[in-house]
Amino acid sequence: KREVLEALKAQFPVDHARLECDLPGLWPRWDPSGDGKIALAEFLGEGGLLAFIREEFIAAEASGGRGLCPDIRRDKEGWFAWVDEDGSGELS
């Protein structure tokens with residue numbers, strides 16, 4: 001779960017605190033087998049984790065004006081600035 005949480009936080013404009021709080025309770029929705037893993041089909045499928053994040057978290061954050069996280073391969077400074085939510089110039 002930590003791997004999924006960190007990947008989502010790094011790639012999507014989501015409320016990190018809300019995601020961290022909600023993810024454990026929502027996990028069974030995407031892990032119907034209960035093996036603790038989300039398969040590719042469970043991630044990408046209709047009603048899967050990706051669709052949920054887009055609908056529930058990104059839509060809510062879009063009104064905040066941050067937009068999508070820049071691709072670190074193309075815009076390293078933009079990525080850093082986006083991740084640096086408090087604008088301190090440092091990540092903690």
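The model is predicted, and its chain has five helices and zero strands, so that, as the helices are defined here, the order along the sequence reads α-α-α-α-α. Of the 92 residues of the chain, 28% count as buried. Among contacts between residues at least 6 apart in sequence, 40% join residues at least 24 apart.

**The nonpolar core**

- The largest nonpolar core has 15 residues, and those with the most contacts inside it are L8, L19 and I53.
- Two or more residues of this core come from each of helix 1 (2–11), helix 2 (16–30) and helix 4 (49–62).
- In soluble globular proteins, nonpolar side chains tend to be buried together.
- When neighbours within four places in sequence are left aside, L19 is in contact with L5, L8, K9, V14, I53 and F57.

**Faces of helix 1 and helix 5**

- In helix 1 the buried residues are V4, L5, L8 and K9, and because these fall within an arc of 125 degrees when seen down the helix axis, they line one face of the helix.
- In helix 5, which spans residues 76–83, the buried residues are G78, W79 and W82; seen down the axis of helix 5, its buried residues fall within an arc of 100 degrees, so they line one face of the helix.
- On the other side of helix 5, K76, E77 and A81 are exposed.
- Helix 1 is included in what covers the buried residues of helix 5.

**Salt bridges**

- A search of the whole structure finds five salt bridges, and R2, E6, K9 and E20 are linked in a network of such bridges.
- The side chains of K9 and E6 meet in a salt bridge at 3.5 Å, N to O, and these two residues, being three apart in helix 1, are separated by about one helical turn.
- K9 counts as buried because its relative accessibility is 16%, under the 20% limit, whereas E6, at 35% relative accessibility, counts as partly exposed.
- K9 also meets E20 in a salt bridge, at 3.9 Å, N to O; this pair links distant parts of the chain, with K9 in helix 1 and E20 in helix 2, 11 residues apart.
- E20 is partly exposed, with a relative accessible area of 37%.
- Another salt bridge joins the side chains of D22 and R18 at 3.3 Å, N to O, and both residues lie in helix 2, four residues apart, about one turn of the helix.
- D22 counts as partly exposed at 27% relative accessibility, and R18 is partly exposed as well, with a relative accessible area of 31%.

**A buried acidic residue, E42**

- E42 has its place in helix 3, which covers residues 40–44, and is buried yet has no salt bridge, since the side chain of opposite charge that is nearest, K37, is 10 Å away, whereas a salt bridge needs atoms within 4 Å.
- The side chain of E42 reaches the backbone nitrogen of A39 at 2.7 Å.
- Leaving aside neighbours within four places in sequence, E42 is in contact with W30, D31, P32, K37, G48 and L49.

**I72, in a loop**

- I72 is found in the loop between helix 4 and helix 5, and at 40% relative accessibility I72 counts as partly exposed.
- Although I72 and Q11 are 61 residues apart along the chain, their C-alpha atoms are separated by 9.7 Å.

Definitions and conventions. Residues are numbered from 1 along each chain as its sequence is written. This is a predicted model: local features need pLDDT of at least 70, side-chain atom pairs count only at pLDDT 80 or more; totals for chains, interfaces and linings use all residues. Side-chain values use heavy atoms; hydrogens and water are left out. A nonpolar core is a set of buried Ala, Val, Leu, Ile, Met, Phe, Trp, Tyr and Cys residues joined through side-chain atoms within 4.5 Å. Buried means under 20% relative accessible area, exposed over 50%, partly exposed in between (1.4 Å probe, protein chains only). Contact means heavy atoms within 4.5 Å. The arc is that of the directions from the helix axis to the C-beta atoms. Lys and Arg count as positive and Asp and Glu as negative; His and the chain ends are not counted. A polar contact is a pair of N or O atoms within 3.5 Å; within protein, one must be able to donate a hydrogen and the other to accept it, and residues adjacent in sequence count only if both atoms are side-chain atoms.
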